[in-house]
Amino acid sequence: MEVIRVNICVKDRAYGQALKEALTRNYSGFIVTLNEKVEGEEPADVHLYDEGSGERKNGIWLTEKLSGANEEKLMFYKYDNIKNLAAKIILAYGKFTGRRLIVPGDKQIQLIAVAAAAGGLGASSVAMGIAQELKRFQGKSVLYLSLESFESTGNYLRIEKGKKGIFEYLYYLKSKKRHLCSCIEDFLVYDTYGIEGFGPAPGMNPLLKLKKEDFELLLEELMELGRYQVVVFDCGNNINDLIELVFQLSDFIVFLNEEGVRKEAYLRYLTHKTGEGIKERMITLTNKYVPYQEPISLDEGKGEDGKDGEEIVVPEQVIAYDEHGFHRVENHVSVCIDGDFGLGIKEIVKKLT
């Protein structure tokens, strides 16, 4: 991991010491020093000063009031959430140096797409459940990426007002400042377990407006970061050129169906557009499944004419209906995979890994 040297130059040494410890805990790539004046053989990459200080070379002013913060002018609120403050410092480092942050390690990413035959089947919940299982119990670094027309990111991850997100990230990606995309922290939101996602854009999802080459550039950037082992795409019930591309690129496609919802036309179209090989990578399941409570006898299974009645078929892969699998925390929904919902998720993840 690339080292970023941060020098804190503030008069309040108690605050400076607390900030030094918090930054070091938050990002292992920080080497933080506490000096009122810059000293030493190794110059710092970023300097944090009190607001109004005359020094500004590679410097950030820390403001006492939230109203005084201005990211474009490199004036950050000194009492901001430490994760946010660290992310802003990393982005400032990219602006100062013009360099990409390089993370050593495996650059391979597993791509998992979650789609549904119709709206309301729970594709977003299943996508988040899969991401949580991989993060909590397999230790994978996971990015959740919504490809719905109107993103579900804000429903499941904590969103802070004024947070940068996917709109700003795509701007840097397609500009001459692409190196700032490696300073990804300032564009991310999180859940309790550390699943990451881009802050959602207002209105329509800007990812759906990308050309094929731009979307492939985004995936290339995410791979180059070396930050993620898995990307989970939440495709909802969309079917368009971008979703078809995602299906072609994904290692697995988790497809949600439900009794009464016809999937044949959807699958025929998908096979026609992406090839027969897609079936080998597809896991079809029924979500919100409620099993029959009582066994049906042979007599009960016959019609009035004594012939066999309609066969009752239990789907091969199911996720049981679980009213306790979700609960609201502040302004978002927390997905719980410790009950029946989680048991179904575990079985799916076994097929994915």
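These entries cover aromatic pairs and charges over rings in a predicted model.

Entry 1, conventions. I took local features only at pLDDT of at least 70 and side-chain atom pairs only at pLDDT 80 or more, while totals for chains, interfaces and linings use all residues. Residues are numbered from 1 along each chain as its sequence is written, and side-chain values use heavy atoms, without hydrogens and water.

I looked up the aromatic pairs and found 7. Rings of Phe, Tyr and Trp (its six-membered ring) pair if their centres lie within 6.5 Å; planes under 30 degrees apart are stacked, over 60 edge-to-face, the rest tilted. Tyr-15 and Tyr-79 have ring centres 5.9 Å apart and planes at 75°, so I logged the pair as edge-to-face. Tyr-15 lies in helix α1 (residues 13-26) and Tyr-79 in the loop between β5 (75-77) and α2 (82-97), so the pair ties together parts 64 residues apart in sequence. Helices (H or I, at least four residues) and strands (E, at least two) are DSSP runs, numbered from the N terminus.

I used buried for under 20% relative accessible area, exposed for over 50%, and partly exposed in between (1.4 Å probe, protein chains only). Tyr-15 is buried at 13%; Tyr-79 is partly exposed at 45%.

I found the charged end of Lys-83 over the ring of Tyr-190, 4.5 Å from its centre (NZ of Lys or CZ of Arg within 6 Å of the ring centre and within 35 degrees of the ring normal). Lys-346 lies over the face of Phe-137, 4.0 Å from the ring centre.
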